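Biologist: I am new to this structure. Could you show me how to read its features, one by one?
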Amino acid sequence: MNGQPLLSVQGVTTHYGRIMALRGVDIAVNQGEIVTLIGANGAGKSTLMMTICGNPRASAGRIVFDGIDITAMPTHQIMRMAIAQSPEGRRIFPRMTVLENLQMGSITLHHGEFEHELERVFTIFPILKSRAGQRGGTLSGGEQQMLAIARALISRPRLLLLDEPSLGLAPLIVRQIFNVLRELNEKEGLTVFLVEQNAHHALRLAHRGYVMVNGSITLTGSGRELLARPEVRAAYLEGGAGVTT
């Protein structure tokens, strides 16, 4: 890779009509890193995640993945470049079974690879194996989040985009999901870009982090450094740190 970041967001600005949602955002995610983006609700975190995936389009700046400019690429082409997303709100197919949801995530696999990758994600999330024939909409919130992540992982992505995986989940499930992400990163070298309101868990997990306020990056540093910053603690941790691990 010659020192290039796997994902590079360079001066990206995004609009919704006349409203500027992102204001010249610069972010880099290196191969094998977990990088998190934290910020208050409405800061623009999910907009950045969606802009990386091509909807909405960046109105200025560049997005580069593995040395290739993907800024103007159609979303379906971006998602075939070994990038997978687990979006905010899970967005599984509620009327499809767990197995059918996982099949939907496997469209980029080559013939004959699905069974192997299916067993892999069932090993990561064993509860899904016992729910394989169950409709997605009947799963608990935590199980649906596991399914959304498993659906993204089954394609063997080089970059996993995760948007608010802890949202609305019990602390025990949140811990379980973050432990899975840590293990995948350590054992498989999975690169993760994580958008998360739960700053405590996200910064403990991440190698590096960014803080977004009103569509702009205001702070960056290692997860440990940001956890120690008084302004980060005051804004995102004190009184709302979540459950310690």
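**Reading pockets, helices and backbone**

Modeller: We can start with a pocket. The lining of the second largest pocket holds three nonpolar, eight polar and four charged residues. Keep in mind that this is a predicted model.

Biologist: Which residues lie nearest the centre of the second largest pocket?

Modeller: Asn41, Gly42, Ala43, Gly44 and Lys45 lie nearest its centre, out of 15 lining residues. The space in this second largest pocket is about 180 Å³. Look at β2 (19–29) and α1 too: each supplies at least two residues of its lining.

Biologist: How much space lies in the largest pocket?

Modeller: About 650 Å³. The largest pocket is lined by 24 residues, and Met79, Ala84, Gln85, Pro87 and Arg151 are the closest to its centre. By class, its lining divides into ten nonpolar, nine polar and five charged residues.

Biologist: Which element gives the largest share of that lining?

Modeller: β6 does, with three residues. At least two lining residues come from each of α1 (45–52), α2 (75–78), β6 (83–86) and α6.

Biologist: Now the helices. How do I describe a packed pair?

Modeller: Two packed helices are described by the angle between their axes and by the distance between those axes. Take helix α6 (residues 141–153) and helix α7 (residues 171–188). Their axes come within 10 Å and cross at roughly 15°. Angles under 35 degrees count as roughly parallel. Therefore α6 and α7 are roughly parallel to each other.

Biologist: Is the crossing of α6 and α7 left-handed or right-handed?

Modeller: The crossing is right-handed.

Biologist: Which residues of α6 and α7 meet?

Modeller: From α6, they are Gly142, Gln145, Met146, Ile149 and Leu153. From α7, they are Ile173, Gln176, Ile177 and Leu184. The residues of this contact divide into six nonpolar, three polar and no charged.

Biologist: Which two residues does a cis peptide bond join?

Modeller: Asn55 and Pro56, with omega at about 10°. To find Pro56, go to the loop between α1 and β4 (60–65).

Biologist: Which residue has a positive phi although it is not a glycine?

Modeller: Asp66, with a phi of about 50°. Asp66 sits in the loop between β4 and β5 (68–69).

Note on methods. Residues are numbered from 1 along each chain as its sequence is written. This is a predicted model: local features need pLDDT of at least 70, side-chain atom pairs count only at pLDDT 80 or more; totals for chains, interfaces and linings use all residues. Side-chain values use heavy atoms; hydrogens and water are left out. Axes are lines fitted to C-alpha atoms, for helices over the stretch in contact, and angles run from 0 to 180 degrees between N-to-C directions. Helices (H or I, at least four residues) and strands (E, at least two) are DSSP runs, numbered from the N terminus. Angles under 35 degrees count as roughly parallel, over 145 as roughly antiparallel, 65 to 115 as roughly perpendicular and the rest as oblique. A crossing is left-handed if the near helix is turned anticlockwise from the far one by less than a right angle, and right-handed if clockwise. Contact means heavy atoms within 4.5 Å. Ala, Val, Leu, Ile, Met, Phe, Trp, Tyr, Cys and Pro count as nonpolar, Asp, Glu, Lys and Arg as charged, and the others, Gly among them, as polar. On a 1 Å grid over the protein atoms alone, a cavity is a set of points where a 1.4 Å probe fits but cannot get out, and a pocket is an open set with protein on both sides within 12 Å along at least five of seven lines; lining residues have an atom within 4 Å of a point. Grid points are joined across faces, edges and corners, and a volume is the space filled by probe spheres set on the points.
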